[in-house]
Amino acid sequence: MTELTLYNSLKREKEVFKPMDPKRVTMYNCGPTVYSYAHIGNARAAVVADVLFRVLRHIYGKDCVKYARNLTDVDDKIIAAAKETGFPMYEITEKFAKIYQDDLAALNCLPPTSEPKATEHIGGMIALIETLLADGYAYESDGHVFFDVSKYDEYGQLSGNTLDALKKGDRVGEGEVARKKQSADFVLWKPERDGVGWNAPFGRGRPGWHIECSAMAKSELGETIDIHCGGVDLKFPHHENEIAQSNCAHGKPMANYWVHNEFLNMGKDKMSKSLGNVVLIRDLLKDWDGEVIRLALLKAHYRSELIWSENLLKESKKNLDDWYRVKNDCMRFAPNVKSKGNAETIDFFDDLDTPNLIKFLSDTGALQSLRNRLVHEGMTMQVQLEMQDALVIGYGIWLRTANLLGLLQKDPEDWLRGKGKEGGLSDDAIDNLIKERAEVRAAKNWSRADEIRGIFAAENIILEDGKDGTTWRRG
RNA sequence: GGCACCAUGGCGGAGUGGCUACGCAGCGGAUUGCAAAUCCGUGUACCCGAGUUCGAAUCUCGGUGGUGCCUCCA
């Protein structure tokens, strides 16, 4: 069986991945708080998790991987948004959950096997908090319930923080400190706000940020899961606190492997709302196909910073155009090749090395030359059949590799022709112009032929005169 | 202040001791009525300094520069 290694943030080293049960591999990914549009950084985290999901499915079998990604639908920001807009909370969260799912679908992200909502797991959270209170890991104070970090010796193991160090860098407000035994304690339950609250033995209120993931991971996947993933920024405090809660409540590790993806930035500046340089998935999708965005996100290794730029998108588009051209030609000679099956891409299973896999897709050497010779050269039937056999093998590996990355999922002709802009030439108009151009070319009326080419150029349509006539595509 | 990460050609990005990937862009040529596609050829790099070694982009130490986390954050 293919061996997958993963860099485990908890141990700070690469390890061979071994699931507790190969028939039921579990992964949990911290999903969004649904109160606004998702940005490209959210997309990176989701795409990385999706690639991991695809790889696990490839290795262990489609039905053997359980992937939960939560939707946080109760939170101060949502309450504030509800107050501001006058819409009820659930309308806001449902709207943006749908948008999130649609955006990710456009990036070829497979739906997770479950998408639990925080509000549907309040009971589980309350049960966890009760356990923590009963066992002395948590305490009540001024309508709140806090986790007492001094009761958990391992606290800080994920982020490398020590309680002493945390005290020095402490930026917690005075009000909070007054309620807590120590500033590093974090809130499990807080009082009702603006009518948002649930009844609990320790008082009516709403959950703190971290407890929801512990409750949902337990409910959807179990007390110990195989892989927990998310962005590096979640390492502390979010994941650190999840570990503390879950480990103390269950007496066993929350997750065996912690996988964190690095940040995406905008070159000089961090992407932030105050700088006004937040790039929304929704906006990018207006100008770029989702696969272009996906490829751009996968060009850097997930543990490296990714600098987002227009050039990165352009290059990704160019790569995909080339690959789709290869796919288009190969489909003519190897129509029965399936996208599912073995992919001989061993390197890829070394900590999800997407850049190396992209290299493999680009560096198609033998495949390209087979395809080019079949497309462009005349040859005897005997030679052609031999070459077709070789192409079926090479193309199969290539296509399945692309599939592992979630790329080349579309019909190549549709891809190459692209979507026309509103008010642009219709496909029929294009065909008619091509017909006219063929006629004037036959009459060697080059000025009219060039004029027609000019019309196409203005529409960003590229003509290709081949031996079987003229084809076109959008640039 | 504490913790962690990173530094390769115009751009992206492999490469953990020797043979200097790969892609994009560029340049020259073939082909084309002109193009596109395709093919052939081609330049450019390893942040700085010291050390280890026969030999370092790759190991060690020291700089410099950059980034993230320590507050909501993918």
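Is A118 buried or exposed, and what is its relative accessible area? A118 is buried, with a relative accessible area of 0%; buried means under 20% relative accessible area, exposed over 50%, and partly exposed in between (1.4 Å probe, protein chains only). The views below show a predicted model, in which local features need pLDDT of at least 70 and side-chain atom pairs count only at pLDDT 80 or more, while totals for chains, interfaces and linings use all residues. Residues are numbered from 1 along each chain as its sequence is written, chains are lettered from A and ligands numbered from 1 in the order in which they are written, and side-chain values use heavy atoms, with hydrogens and water left out.

**Overview of chain A.** Chain A comprises 17 helices and 14 strands; helices (H or I, at least four residues) and strands (E, at least two) are DSSP runs, numbered from the N terminus. Of its 475 residues, 49% count as buried. Among contacts (heavy atoms within 4.5 Å) in chain A with a separation of 6 or more, 76% are between residues 24 or more positions apart.

**Surroundings of A118.** A118 lies in the loop between α3 (89-106) and α4. Leaving aside neighbours within four places in sequence, A118 is in contact with L71, T72, D73, V74, M125, E212 and M216. A118 and I211 are 93 residues apart in sequence, yet 9.5 Å apart in space, C-alpha to C-alpha.

**Helix α7 and its cover.** Seven of the 10 residues of α7 are buried, so this helix is largely enclosed by the rest of the structure. The buried residues are I211, E212, C213, S214, A215, M216 and A217. Their cover includes the strands β3 (25-29), β7 (186-191), β8 (205-207) and β9 (225-231), together with the helices α4 (122-134) and α8. Just after α7, G222 takes a positive phi of about 130°.

**Crossing of α7 and α8.** The axes of α7 (residues 211-220) and α8 (residues 235-250) come within 8 Å and cross at roughly 55°. Axes are lines fitted to C-alpha atoms, for helices over the stretch in contact, and angles run from 0 to 180 degrees between N-to-C directions. The angle makes α7 oblique to α8, since angles under 35 degrees count as roughly parallel, over 145 as roughly antiparallel, 65 to 115 as roughly perpendicular and the rest as oblique. In this contact, I211, C213, S214 and K218 of α7 meet H238, E242, Q245, S246 and H250 of α8. Helix α8 also holds P237, which is joined to F236 by a cis peptide bond with omega of about 0°.

**Cysteines without disulfides.** The structure holds zero disulfides, a disulfide being a pair of cysteine sulfur atoms within 2.5 Å. C30 is in no disulfide, and the nearest cysteine sulfur, that of C213, is 3.9 Å away. C30 counts as buried at 14% relative accessibility, as does C248 at 8%.

**L391 in helix α14.** L391 lies in α14 (residues 381-405) and counts as buried at 0% relative accessibility. L391 and C330 are 61 residues apart in sequence and 7.5 Å apart in space, C-alpha to C-alpha.

K444, in the loop between α16 (427-442) and α17 (446-458), has a positive phi near 55° and is exposed, with a relative accessible area of 60%. N460, in the loop between α17 and β13 (461-466), has a positive phi near 65° and is partly exposed, with a relative accessible area of 42%.
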